[in-house]
Every structure is written in C-alpha cells, then in structure tokens.
Amino acid sequence: MLILGVESSCDETGLALYETREPGSSLRDDPLGGLLAHAVHSQVAMHEAYGGVVPELASRDHLRRLVPLCREVLARAGRALGDLGAVAYTEGPGLAGALLAGAAYARGLAHALGIPAIGIHHLEGHLLSPLLSSRAPAFPFVALLVSGGHTQLMRVREVQ
C-alpha cells in the first residue's frame, strides 16, 4: 500500500511517500516496504524576525506549502494521487492551527480519493520512527524523546 504522510505540527511542513508490502515481496532490497520520497519546508527563516514561532504565520505557511510539496514527492517517486492507498497526518500535540492545516489537507485529499485518512499521534510518530531504519532496534528498547516541550525517557516494549 502506498501511504502519503503529512506533518505540520509546528514550523516545518513535511510530506513523505511510503510503500508497505507483504513479506516476501521486495523494493530496494527491503521486504517490508520503504520510503520512496520526502520533502520538507522549514519556516525557521520566516519566524526568526520574531524571535520564535508565530502560530498564525506557521498555519498560513503550511497551507501554501502542502500542495506543492505533495506534487514534489509524487513526482520524485514517479507516482500519482490515484496510486495512494491512505493518507496519514499528524494529529497532535502541536500548534492547533498548524495541525488543523495538515489534517484538513490530508482528510480532504483522502475523502476526495475515497481512501482512509489516519491520524498519527505526534510523539508516537517520533518514538516509533527508528523502526523505519534499515537497522531498526529490537524490542524492548530505550528511547529518549525530545520534541518541543515534551521530553521523555521511555522503555518501548511493543507496538499495540
């Protein structure tokens, strides 16, 4: 299944295209799937003049960046919107308006394509991202999660 991921929790707009497969099939020597393409736009320069993130500016910038970044990742992967099987998006925590921009885009796109929209908890996404690595950690593992105002040291036993 081809999944488009949308991240807009704060001051970066990120989209990624990930393909999952049944065990036994292959893509780039990865039997369980792989990252096909990704693109990120950082808002750091825009917010620098204010000494920190301005939530309203962040939200508006996400709205401007989502469609071009989506086109970019699809083009890089040689895929089309019709190839998508699901759209995943950051649900929270994060800046409310920034999250709303990404969720509205993801859910609207999924609805238009007749595919599932899947909300992903922001911190769980960070916590489990090492599992996408070619050298994924084995369970259980210890993770240091540092994101915005959230800092946690966790023992990860399994995915539920």
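Let me start with a definition: buried means under 20% relative accessible area, exposed means over 50%, and partly exposed is in between, with a 1.4 Å probe and protein chains only. With that, Glu-7 comes out as partly exposed, at 26% relative accessibility.

Quick ground rules before we go on. What you have above is a predicted model, where local features need pLDDT of at least 70, side-chain atom pairs count only at pLDDT 80 or more, and totals for chains, interfaces and linings use all residues. Residues are numbered from 1 along each chain as its sequence is written, and side-chain values use heavy atoms, with hydrogens and water left out.

Back to Glu-7, then. It sits in strand β1, residues 2-7; helices (H or I, at least four residues) and strands (E, at least two) are DSSP runs here, numbered from the N terminus. Skip the neighbours within four places in sequence, and Glu-7 is in contact with Glu-12, Thr-13, Gly-14, Thr-90 and His-122, where contact means heavy atoms within 4.5 Å. Arg-157 is 150 residues away from Glu-7 along the chain, and their C-alpha atoms are separated by 25 Å.

Okay, helices. How do the axes of α2 and α3 cross? Helix α2 is residues 55-77, helix α3 is residues 96-113, and their axes come within 8 Å and cross at roughly 30°. Those axes are lines fitted to C-alpha atoms, for helices over the stretch in contact, with angles running from 0 to 180 degrees between N-to-C directions. That makes α2 and α3 roughly parallel to each other; the cut-offs are under 35 degrees for roughly parallel, over 145 for roughly antiparallel, 65 to 115 for roughly perpendicular, and oblique for the rest.

Who makes that contact? From α2 we get Ser-59, His-62, Leu-63, Leu-66, Val-67 and Cys-70, and from α3 Gly-97, Ala-98, Ala-101, Gly-102 and Tyr-105. Sorted by type, the residues of the α2 and α3 contact are 7 nonpolar, 4 polar and no charged. For the bookkeeping, Ala, Val, Leu, Ile, Met, Phe, Trp, Tyr, Cys and Pro count as nonpolar, Asp, Glu, Lys and Arg as charged, and the others, Gly among them, as polar.

Now for peptide bonds. Most peptide bonds are trans. Here, though, Gly-92 and Pro-93 are joined by a cis one, with omega about 0°, and Pro-93 lies in the loop between β4 (86-92) and α3. The bond from Phe-139 to Pro-140 is cis too, with omega near -10°, and you'll find Pro-140 in the loop between α4 (122-128) and β6 (141-147).

Stay around there for the aromatics. The structure holds 1 aromatic pair. Its rings belong to Phe-139 and Phe-141, with centres 5.6 Å apart and planes at 35°, so the pair is tilted. Rings of Phe, Tyr and Trp (its six-membered ring) pair if their centres lie within 6.5 Å, with planes under 30 degrees apart called stacked, over 60 edge-to-face, and the rest tilted. Phe-139 is partly exposed at 36%, whereas Phe-141 is buried at 10%.

Last one: is Arg-155 buried or exposed? Arg-155 is exposed, with a relative accessible area of 54%, and it lies in strand β7, residues 150-156. Leaving aside neighbours within four places in sequence, Arg-155 is in contact with Pro-140 and Phe-141. The C-alpha atoms of Arg-155 and Pro-140 are separated by 6.8 Å, at 15 residues apart along the chain.
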